[in-house]
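I opened the notebook to record a walk through one model. The entries go from the overall fold to single residues.

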Amino acid sequence: MTIQVIDAPERQRYEAVRDGAVLGFAAYQKTAELIVFTHTEVDPSLEGEGVGGALVQAALDHVRTLGLRVLPICPFVQAWMVRHPQYGDLDYRRPATRVTD
């Protein structure tokens, strides 16, 4: 079965779900201009199976569609972003790139 990642704003987190069971989550705090990722947790029995990576990737893809940036306080999210530089533009600590005509 595939993992579905959903935004659960009432719990302030993205959740990785399979067959109705929450496998892991990425907790956040949202402001008008950014989302601060504070903690990521995955069921220990699933470590090494890519659940955390799939969770972070889907969460960041969603953040991108919202036009927001992220502050990755969570060490897992921060390390994932370093390993995937194509998401570096979302890092709030980096200067925003501007498109000029």
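The entries below follow the order in which I looked things up.

**Ground rules.** I am working on a predicted model, where local features need pLDDT of at least 70, side-chain atom pairs count only at pLDDT 80 or more, and totals for chains, interfaces and linings use all residues. Residues are numbered from 1 along each chain as its sequence is written, and side-chain values use heavy atoms, with hydrogens and water left out.

**Fold.** I looked up the elements first. The protein has two helices and five strands. Here helices (H or I, at least four residues) and strands (E, at least two) are DSSP runs, numbered from the N terminus. Along the sequence I read β-β-β-β-α-β-α. The radius of gyration is 14 Å, close to the 13 Å from the globule rule for 101 residues, so the protein is as compact as a globular protein of that length. That radius is taken over C-alpha atoms, and the rule is 2.2 Å times the number of residues to the power 0.38. I also noted the span of the C-alpha trace along its principal axes: about 50 × 30 × 25 Å.

**Sheet.** In what order do the five strands lie? I found an open sheet, β1-β2-β3-β4-β5, with mixed pairing. Two strands pair if DSSP finds at least two bridges between them. At the edges sit β1 (4–8) and β5 (69–72), each pairing on one side only. From one strand to the next the twist averages 30°. Angles run from 0 to 180 degrees between N-to-C directions; axes are lines fitted to C-alpha atoms, for helices over the stretch in contact. I then checked β3 against β4: they run antiparallel, joined by seven bridges. F25 has E41 of β4 as its bridge partner. Helix α2 packs on the sheet and touches β4 and β5, its direction making about 120° with that of β5. Contact means heavy atoms within 4.5 Å.

**Core.** Next I looked up the largest nonpolar core, which has 23 residues. Such a core is a set of buried Ala, Val, Leu, Ile, Met, Phe, Trp, Tyr and Cys residues joined through side-chain atoms within 4.5 Å. Y14, I35, F37, L60, V63, V70 and M81 have the most contacts inside this core. Two or more residues each come from β2 (13–18), β3 (21–30), β4, α1 (51–66) and α2 (75–83). Helix α1 gives the most, with six residues. Of the 101 residues in the protein, 39% are buried. Buried means under 20% relative accessible area, exposed over 50%, partly exposed in between (1.4 Å probe, protein chains only).

**T40.** Buried or exposed? T40 is buried, because its relative accessible area is 15%. T40 lies in strand β4 (residues 34–42). Leaving out residues up to four places away in sequence, I list F25, A26, L55, C74, F76 and V77 as what T40 touches.

**Positive phi.** Most residues other than glycine have a negative phi. I looked up two with positive values. Q12 has phi near 55°. Q12 sits in the loop between β1 and β2 and is partly exposed, at 42% relative accessible area. D19 also has phi near 55°. D19 belongs to the loop between β2 and β3, and D19 is exposed, at 61%.
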